[in-house]
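Here are my notes on this model, as numbered points. Please keep the structure open while you read.

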Amino acid sequence: MVKIKGHEIDTIIVKAAGNRRAMQFKNNIVTVLRRIGVNENDIDIPLERVAMKKAKASATWYISDHRMHYSHNLQSKYVENLHVLSRVIEIEVDRVLSEEKTLSDFILEFKEDSDVYDKRKEARDFFDCDHDETDFEVINKKYKLMAKELHPDMPTGDTEKFKKLNIAHKILKRELT
């Protein structure tokens, strides 16, 4: 069980037929997004050649001229990451369809700029983390220590660096929680 975007998602452990299961999860994402009007040609979900290896799963789609993106990399295999990705998107689309959430809120939650990967790399560099750090607790501890040091009310405070710290934290929090 993982908690992502306020949802508890049951994780799975895939021991066989990883590529077939990955294709099923990809098809599920396409079907779910079509329910809110996303054209199938506007959805990109890259499949790994070997779904059982450790790799990040991601989906990019366009709606109302906005680039939407979501990725997951906390599970041990690509196919398991794709399953979590599929469940999160499905839950969020169901919230839109049940009118619990507006389409505008959905767009705000998943909308990303095309340079998001560069921003994530810069944020990890700012925290002096490994480029593949996915443990948000590690990042959060560094954030708290740096916030105490950089806060404008502290003798060592630096307003500009404090702003950059908060932006970097927000970028990684969105990716990892």
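1. H2 passes H3 in a right-handed crossing. Right-handed means that the near helix is turned clockwise from the far one by less than a right angle, left-handed anticlockwise. Helices here are DSSP runs (H or I, at least four residues) and strands are E runs of at least two, numbered from the N terminus.

2. This is a predicted model: local features need pLDDT of at least 70, side-chain atom pairs count only at pLDDT 80 or more, and totals for chains, interfaces and linings use all residues. Residues are numbered from 1 along each chain as its sequence is written, and side-chain values use heavy atoms, with hydrogens and water left out.

3. The axes of H2 and H3 lie 9 Å apart, at an angle of about 155°. Axes are lines fitted to C-alpha atoms, for helices over the stretch in contact, and angles run from 0 to 180 degrees between N-to-C directions.

4. Which residues meet there? On H2, Val 88, Glu 92, Val 93 and Val 96; on H3, Leu 103, Phe 106, Glu 109 and Phe 110. Six are nonpolar, none polar and two charged. Nonpolar covers Ala, Val, Leu, Ile, Met, Phe, Trp, Tyr, Cys and Pro; charged covers Asp, Glu, Lys and Arg; the others, Gly among them, are polar.

5. H1 and H2 cross at roughly 15°, and their axes come within 9 Å. The pair is therefore roughly parallel. This crossing is left-handed. Its contact residues divide into 11 nonpolar, four polar and three charged.

6. The largest nonpolar core has 35 residues. Such a core joins buried Ala, Val, Leu, Ile, Met, Phe, Trp, Tyr and Cys residues through side-chain atoms within 4.5 Å. Buried means under 20% relative accessible area, exposed over 50%, partly exposed in between (1.4 Å probe, protein chains only). H2 gives the most to this core, 10 residues. Another core, of 14 residues, lies apart from it and includes Tyr 143 and Phe 162.

7. Leu 82 is among the residues with the most contacts inside the largest core. Beyond four places in sequence, Leu 82 is in contact with residues including Ala 22, Phe 25, Ile 45 and Ala 57. Contact means heavy atoms within 4.5 Å.

8. Overall, the protein chain has six helices and five strands. Buried residues make up 42% of its 177 residues.

Note on methods: Angles under 35 degrees count as roughly parallel, over 145 as roughly antiparallel, 65 to 115 as roughly perpendicular and the rest as oblique.
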